[in-house]
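Take a look at the sequence and the structure below.

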Amino acid sequence: MPARENGAITNLSSSSDTLINLDHGDPIVFESFWKKMGEKCSVVISGSQSLSYFANTKNLCWFLEPELEEEIRRLHRVVGNAAAEDHYVVVGTGSTQLVQAVLFALCSSASGETPPEPVSVVAAAPYYSCYPEVTDFLSSKLYKWGGDAQSFDKKGPYIEFVTSPNNPDGSIRESIIVKKRGEEEGKVVHDLAYYWPHYTPITSPARFDIMLFTVSKCTGHAGSRIGWALVKDKYVATRMTKFIEVNTIGVSKESQLRASKILGAISDGSLQSSSNNFFEYGRLLMEERWEKLRQVVGRSNIFSLPKYPQEHCLFTGKLSETHAAFAWMKHNMATEDLEKLLRGKKILSRSGSRFGSDQSYVRLSMLGREDEFKLFLERLTAIQ
Ligand SMILES: Cc1ncc(COP(=O)(O)O)c(C=O)c1O
């Protein structure tokens with residue numbers, strides 16, 4: 001069980017000038033677990049180790065460390081959140097690189113021809129704000145941001161990102177366009193960065209053609225920059241690997257070895273009902289934060305938060321609800337600019353307008369430091 005931390009603000013000055021940055025989803029919240037693990041998760045890499053670009057030339061993804069692949073597959077089996085048996089594993093420098101790799105793989109041809117017009121990339125609003133940013137960053141001839149999947153009615157090929165649980169609002173989602181049009185013209189990429197038991201009940205193993213995961217949101221090791229894709233189609237996996245080859249000639253082996261150690265530790269811990277169970281520890285931390293936030297928000301009629309249904313989690317065996325990585329908070333006056341209002345109280349958030357929604361919403365990180373979260377609650381209480 002996580003130590004329920006009491007009132008004192010430790011590192012952060014509680015002065016009214018202190019800026020609280022809840023804009024980024026930097027996952028520091030789990031640091032206390034990893035401190036508790038001490039040396040158990042340390043990795044020592046000698047000077048003579050991992051010199052080569054290559055990890056396994058027999059593997060389609062030739063820069064993927066075999067032990068990382070093994071630990072990824074084991075973790076999915078232990079948690080039961082994805083059926084990975086029929087899929088290739090492609091490792092990336094964070095899942096941000098995999099988002100770019102998948103766009104390249106789905107829109108390019110091996111002969112180098114470009115499509116007659118860029119393929120539309122869409123996601124249902126509110127969508128993860130990096131999808132439009134990453135898609136249009138290089139003004140590619142291959143693909144172009146097409147906006148909200150719900151209003152998308154252009155004929156021709158498209159790629160839909162489905163994020164579930166969703167960033168920013170924590171909702172459980174499925175493809176919008178496939179439901180409307182069928183599967184012929186489009187490809188769906190499932191970004192399952194938050195489909196882990198500390199955020200949401202695991203209701204069944206995901207079985208999609210392309211699924212993205214990241215160590216950043218699973219274990220909190222965002223600094224290692226390791227993500228992975230589970231890809232059913234060999235050609236798509238090969239093209240994603242090609243993208244990463246040209247982009248960065250593979251992925252840091254030091255990071256891969258560290259990630260495999262960390263993933264191995266959480267698989268081992270998940271099989272024990274002890275304090276080494278990372279997901280149980282993380283779930284209680286997230287639950288506690290959500291309880292506190294709901295108490296503060298519930299005391300007034302100014303703000304509202306999404307409600308999530310109770311579901312049976314196959315991993316914990318318990319009935320529980322989503323405790324999302326972000327709070328998607330709304331000002332109940334639709335005309336209010338909530339990001340601006342909070343900025344005036346020295347709380348940085350990300351405006352709903354960045355997610356294809358409106359300015360009465362903000363996204364607030366629930367993954368920051370404990371002292372920062374407490375100060376945030378104090379300031380939010382004072383707004384009432
Ligand atoms: C839905 C989603 N996908 C991908 C990412 C990128 O993660 P990474 O740190 O692996 O690049 C994030 C990070 O916030 C995210 O929220």
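Arg343 is partly exposed, because its relative accessible area is 43%. Buried means under 20% relative accessible area, exposed means over 50%, and partly exposed lies in between, with a 1.4 Å probe and protein chains only. Accessible areas come from the Shrake-Rupley method with a 1.4 Å probe, and for residues only the protein chains shown count as cover. Arg343 belongs to helix α10, residues 338–344. Helices (H or I, at least four residues) and strands (E, at least two) are DSSP runs, numbered from the N terminus.

This is a predicted model: local features need pLDDT of at least 70, side-chain atom pairs count only at pLDDT 80 or more, and totals for chains, interfaces and linings use all residues. Residues are numbered from 1 along each chain as its sequence is written, and side-chain values use heavy atoms, with hydrogens and water left out.

**The ligand and its shell**

- The ligand is surrounded by 13 residues.
- By class, the shell holds three nonpolar, seven polar and three charged residues. Ala, Val, Leu, Ile, Met, Phe, Trp, Tyr, Cys and Pro count as nonpolar; Asp, Glu, Lys and Arg count as charged; the others, Gly among them, count as polar.
- Helices α3 (94–107) and α6 (215–218) each give at least two residues to the shell.
- Which element gives the largest share of the shell? That is α3, with three residues.
- The ligand sits in the largest pocket. A pocket is an open set of points on a 1 Å grid over the protein atoms alone, where a 1.4 Å probe fits, with protein on both sides within 12 Å along at least five of seven lines. A molecule sits in a pocket if more than half of its atoms lie within 2 Å of its grid points.

- Thr96 has a polar side-chain atom 2.5 Å from an oxygen atom of the ligand.
- Tyr194 also places a polar side-chain atom 2.5 Å from a ligand oxygen.
- For Ser216, an N or O atom of the side chain is 2.7 Å from an oxygen atom of the ligand.
- How much of the ligand does the protein cover? The protein covers 93% of the 400 Å² of accessible area that the ligand has on its own.

- Asn167 is in the loop between β5 (158–163) and α5 (177–181).
- Is Asn167 buried or exposed? Asn167 is buried, because its relative accessible area is 2%.
- The side chains of Asn167 and Arg363 make a polar contact of 3.0 Å. A polar contact is a pair of N or O atoms within 3.5 Å; within protein, one must be able to donate a hydrogen and the other to accept it, and residues adjacent in sequence count only if both atoms are side-chain atoms.

**Backbone details**

- The peptide bond from Ala125 to Pro126 is cis, with omega near -5 degrees. Pro126 is in the loop between β3 (119–123) and α4 (130–136).
- Ser164 and Pro165 are also joined by a cis peptide bond, with omega about -10 degrees. Pro165 is in the loop between β5 and α5.
- Ser139 is not a glycine, yet its phi is positive, at about 45 degrees. This serine is in the loop between α4 and β4 (143–148). Ser139 counts as exposed because its relative accessible area is 62%.
- Ile249 is not a glycine either, and its phi is positive, at about 45 degrees. Ile249 is in the loop between α7 (234–248) and α8 (253–270). Ile249 is partly exposed, because its relative accessible area is 42%.

**Distances in sequence and in space**

- Arg343 and Ile20 are 323 residues apart in sequence, but 9.2 Å apart in space, C-alpha to C-alpha.
- Leu68 lies in helix α2. Leu68 is buried, because its relative accessibility is 0%. Leu68 and Val89 are 21 residues apart in sequence and 9.8 Å apart in space, C-alpha to C-alpha.

Key. Near = heavy atom within 4 Å. 1 Å grid on protein atoms, 1.4 Å probe; cavity = no way out; pocket = protein on both sides within 12 Å on 5 of 7 lines; lining within 4 Å.
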